[in-house]
Amino acid sequence: MLTIENLNAKVEGKQILNGIDLDVKAGEVHAIMGPNGSGKSTLSSVIAGHQDYEVNQGTMLLEGEDLAELSPEERAHKGIFLSFQYPIEIPGVSVTNFIKTAINASRKAKGLEDMAANEMLKKIREKSSLLEIDSRFLSRSLNEGFSGGEKKRNEIFQMAMLEPKLAILDETDSGLDIDALKIVANGVNKLRSNDNAIIVITHYQRLLEYIIPDFVHVLFDGKIVKSGTKDLAIELEEKGYDWIKEMA
Amino acid sequence: MAYTEEELKKELETKEYEYGFYTDIDSETFPVGLNEEVVRRISQKKKEPEWMTQWRLKAFEAWKNMEEPEWANVQYSKPDYQAISYYSAPKKKDQYKTLDEVDPELLKTFDKLGISLDEQKKLAGVAVDIVMDSVSVATTFKDTLAEKGIIFCSISEAIQEYPDLVKKYIGTVIPIQDNYFAALNSAVFSDGSFCYIPKGVRCPMELSTYFRINQAGTGQFERTLVIADESSYVSYLEGCTAPSRDENQLHAAVVELVALDNAEIKYSTVQNWFPGDKNGKGGVYNFVTKRGICHRNSKISWTQVETGSAVTWKYPSCILKGDNSIGEFYSIALTNNYQQADTGTKMVHLGKNTKSTIISKGISAGKSQNSYRGLVQVHPRATNARNFSQCDSLLMGNQCGAHTFPYIEVKNKTAQIEHEATTSKIGEDQIFYCNQRGIDPEKAIALVVNGFSKEVLNKLPMEFAVEAQKLLEISLEGSVG
């Protein structure tokens, strides 16, 4: 699905990623953990194509296709989805209108007609119930005045609607209480399939109790310094990140 | 006008000013210049009664002694008023009885404008009067309206057919010496629309006027007079377009609204005059005076979406004369490239328990300057007057400007006035968020702008709202980056 080789990237002249290798196959869930400032969020921004980040070495391939020359929206059309750590407010644009615009933009890129209104409605109903989202929520302005939990739930709702090939969940657990965390994790688990892949970026092991990863990678100083199974996450939770730093 | 989503998209692919075409219609145009003789000839052309001719001449006298105002926050080289032709009419003189009589070229023009008269008749239920250059061309649905006693025709026709009504109300809301451009209009107006809703009648359809400047070197001075008699209701739409030209064209219209006791007038405008090219060349000077008077328990609501004109100078206002009357102003003014807009409203509270609401949304892009100028005035007799004003500005990029000039004059202690203002910038983070969801930057900007403008867009009649959204998007194309 996603193959990253020797990825180096910088932002505002500062080198953040120093040679990342990552191979994510369809049907897999990978967790990327690491202390603050290790480059976790930079990695997600670089995969999504944020223009502030400059890739100065290495390659990213999505199903064999080089992402380098693709704009963020083209990457989205190819099936990359990023659940934002801090979702952005767009006043006056309803959750429904936003997701409708997003879906039809991707359809247009694939040469498809706009999704029929009744089909869209059916899909919205189905996916919002999956995430226990109230219909009143759908008419509110996107992320405006949302609680932390509502914002994250809305991100996963969009993921459910867009059905990406590769979803990156950037600190989706931050700002969530335990009930909201369960709902979100439950939603993500239902979206898992053999055709898609998920990268979970998190600081804590907590989320990984609910979204069980196939692989866990530890990022430090812009490099993956250790990889393992879900047991590695538990080990990190017990020991903290210091032993990793010493190892690096 | 009722665009499907697909048509909407197709329209969005056009980058140039989409109404920038010129129709070759044989027209009769006066030589340039303005003097008493020209004013008389216009009046004569229109076969006007003597009182009207005298009224025009009085206005011309007033205008000669007035100075072009300079207080607005706009800069432009003043038009040479002697270099403009004050009358231009498509050469088929008589009023058209059926569409078959209309010049096919003209009908083609209407098609390009998106106003198919046939379609209008069948689908929209909108009665349309079209003023092209100076002459009113066709009014649909006249008979349907006549059954209810509603008069909807060109102002020239009204002067001849309903002189008492015209004489009673014209110039009562905006006196001829009100301001420089209103005086000029009063002297030389060549056509426009007239509407009268009888007592207790609720107009069953939206009434609509399209204005268009076609001929080069002409000015357009249309005059609109809407009278809603006691306990009546009317919703009125006004659309404006002009072809692209290198030189500046002058548009100085006057709109007067009269809402008698318990009446309601909703007046919506989507203005898309040619704004000039991206280097600021050409474009329409839009100097318009719009004002309504509210009698007891009546209501006037102005809604406007302005995306066009090189320079706009316009303040649709309400005189809240009657007790318990209500004035509303909802506005979206979008400027791009080198456009300049100084626009807003005046709410003059004279009666007791009068209420006014002002919602103004200014969007500035490119190197444009966008100013809101609003006056809320509460007179000594206006006990319990209330006003709520909200002025929001949205900036795109670093080279444009947004300005707010609120004036508040209160002479009654019981008044309650609220004013809120915000300025925000379209954030790169908003655009990236949309991009990540597959929405390209231009569409993303349109989405943010539409969200910002939503409170006002919601006030427009459905079909107009779609058109207005489309206009906002087109007007912002190429402003990304």
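Let's start where the two chains meet: 17 residues of chain B are in contact with 20 residues of chain A, contact meaning that C-beta atoms, placed from the backbone, lie within 7 Å. On chain B's side of that meeting, α10 and α11 each supply at least two residues. That side divides into six nonpolar, five polar and six charged residues. Here Ala, Val, Leu, Ile, Met, Phe, Trp, Tyr, Cys and Pro count as nonpolar, Asp, Glu, Lys and Arg as charged, and the others, Gly among them, as polar.

A quick word on the model: it is predicted, with local features needing pLDDT of at least 70 and side-chain atom pairs counting only at pLDDT 80 or more, while totals for chains, interfaces and linings use all residues. Residues are numbered from 1 along each chain as its sequence is written, and chains are lettered from A and ligands numbered from 1 in the order in which they are written.

Now for two helix pairs. Helices (H or I, at least four residues) and strands (E, at least two) are DSSP runs, numbered from the N terminus. Axes are lines fitted to C-alpha atoms, for helices over the stretch in contact, and angles run from 0 to 180 degrees between N-to-C directions.

| Helix pair | Residues | Axes | Angle |
|---|---|---|---|
| α10(B) and α11(B) | 428-436 and 441-457 | within 9 Å | roughly 120° |
| α6(A) and α7(A) | 148-162 and 178-191 | 10 Å apart | about 10° |

So α6(A) is roughly parallel to α7(A), whereas α10(B) and α11(B) are oblique to each other. The cut-offs are under 35 degrees for roughly parallel, over 145 for roughly antiparallel, 65 to 115 for roughly perpendicular, and oblique for the rest.

Who touches whom? In chain B, Gln430, Ile431, Cys434 and Asn435 of α10(B) meet residues of α11(B) including Pro441 and Val448. The contact of α6(A) with α7(A) divides into eight nonpolar, two polar and two charged.

Last stop: B:Ser193, in strand β6 (residues 193-197) of chain B. Is it buried or exposed? B:Ser193 counts as buried because it has 29 C-beta neighbours inside 10 Å; buried takes 20 or more other C-beta atoms within 10 Å, exposed 12 or fewer, and partly exposed falls in between.
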